Protein chains: 2
Amino acid sequence: MKLLLISNSTNAGEEYLRYPLPEIGRFLQGVREIVFVPYAAVTFSYAEYERRVQARFAELGIRVRSVHRAGDPAAFVRRAEAICVGGGNTFALARKMQQQGLMQAILRRIRAGVPYVGWSAGSNVCCPTISTTNDMPIVQPESFRAIGAVKFQINPHYLDANPAGHAGETREQRIREYIEANPRRWVAGLREGCMLRYDGGRLELIGGRPMRMFRKGVEPFEVEPGGDLSFLL
Amino acid sequence: MKLLLISNSTNAGEEYLRYPLPEIGRFLQGVREIVFVPYAAVTFSYAEYERRVQARFAELGIRVRSVHRAGDPAAFVRRAEAICVGGGNTFALARKMQQQGLMQAILRRIRAGVPYVGWSAGSNVCCPTISTTNDMPIVQPESFRAIGAVKFQINPHYLDANPAGHAGETREQRIREYIEANPRRWVAGLREGCMLRYDGGRLELIGGRPMRMFRKGVEPFEVEPGGDLSFLL
């Protein structure tokens, strides 16, 4: 299994997919073409999403082929050299992936060793469920179940504080609700600018900031980049 | 129909339910007892939630009876003098309300003129769906459909900006995704410290800040407290 699960496509003020591109390039070394899943796009078209990603992946010499063009998307995935799922709205993404049978198809490819890259919603759907997304539930998917390539949940775009004066729940409070309702799952609060790489049986945090870990009955704690994550496997 | 739909229980730094209490008192004038729905509580017990709300409503001379104590919660709702649904996690709330048949039971009571007070998740579930909640989908409800006493969606705790340097979607971007996927619905971005009161066929915004309105094909605009909201009815 080879996974690269990225918190966010783009850091504030930077160009689209700029910061993770070198790591994506190392991860996809030797890959000439990826199958791209654009279904998290809501306010712009799938074709536009494919173009944006193609523009950046061209710098790596990788061709991007979006699954929305395929007559049989699941069959298209089964022939993929590598799979990439982009961010956007997690509910829209999960719904369309479920309608097209892509959750199962992608899981099988991942287990066969095909590299998987996701960012934001694309990292969420690699988890057992979409239940730790930050997104608004704008459409109802068939189920909250997702690909389930890993056994833990990722909360992408993890952030520590609310804007000053705002009384809504903090991210930590939201995740504490999740673990209360789902006591057997770990949640990885993956801060922006960070990613998880799984390769050769080893899980690694890459980036400039620690990751905050949550599980019911365990006081939340931080793991530094490069730190031991074997407890998640 | 009599509704009081409050953005948030508590402003930052204030006591629980302090700011909306005078308005709740005016709205519930003559009511001696309310049926309370505590199912949005996740990290504390329903009994604890009932106690917190009872402590505040005692100042209004109103007794609070939580629906979780009833053998037949839907029957309990059918005998209610007034209904109050508290905030917390909207998915946990919707799930339990659906399991107990409370969405339909409460809608019937609202249509019969029984006053309804909700805050945060309790305002969300009064809308056609829970699809404009800010909450994390920690559990899967039967459906995203909710009470549907009003025809528009509320986004409670509406806020204008992200914390500095955070690249995740702003609330406005999230709601723009919602209206793209749900082009016939209005969304009311209800800022903290504000509430909507529906009484005598008239809908009114109460509070110190304007409300931001969204609908597909319409440039988002602000409505001031006391402004015309007849387009939502």
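1. The lining of the largest cavity draws at least two residues from each of α7 of chain A and α7 (171-181) of chain B, helices here being DSSP runs of H or I with at least four residues, strands runs of E with at least two, both numbered from the N terminus. There are 27 lining residues, and those nearest the centre of this cavity are A:Arg171, A:Arg174, B:Asn162, B:Arg171 and B:Arg174.

2. This is a predicted model, in which local features need pLDDT of at least 70 and side-chain atom pairs pLDDT 80 or more, whereas totals for chains, interfaces and linings use all residues. Residues are numbered from 1 along each chain as its sequence is written, chains are lettered from A and ligands numbered from 1 in the order written, and side-chain values use heavy atoms, without hydrogens or water.

3. The largest cavity holds about 430 Å³ of space, and the structure has three cavities of 30 Å³ or more. A cavity is a set of points on a 1 Å grid over the protein atoms alone where a 1.4 Å probe fits but cannot get out, with lining residues having an atom within 4 Å of a point. The lining of the largest cavity comprises eight nonpolar, ten polar and nine charged residues.

4. The contact (heavy atoms within 4.5 Å) involves 44 residues from chain A and 44 residues from chain B. Between the two chains about 3,300 Å² is buried, with 62% of that coming from carbon and sulfur atoms; buried area is the accessible area (1.4 Å probe) lost when two parts are put together, summed over both.

5. Two salt bridges are counted between chain A and chain B, a salt bridge being a side-chain nitrogen of Lys or Arg within 4 Å of a carboxyl oxygen of Asp or Glu. A:Asp135 and B:Arg174 meet in a salt bridge at 3.4 Å, N to O.

6. Over all chains the count is 48 salt bridges.

Terms used:
On a 1 Å grid over the protein atoms alone, a cavity is a set of points where a 1.4 Å probe fits but cannot get out, and a pocket is an open set with protein on both sides within 12 Å along at least five of seven lines; lining residues have an atom within 4 Å of a point. Grid points are joined across faces, edges and corners, and a volume is the space filled by probe spheres set on the points. Ala, Val, Leu, Ile, Met, Phe, Trp, Tyr, Cys and Pro count as nonpolar, Asp, Glu, Lys and Arg as charged, and the others, Gly among them, as polar.
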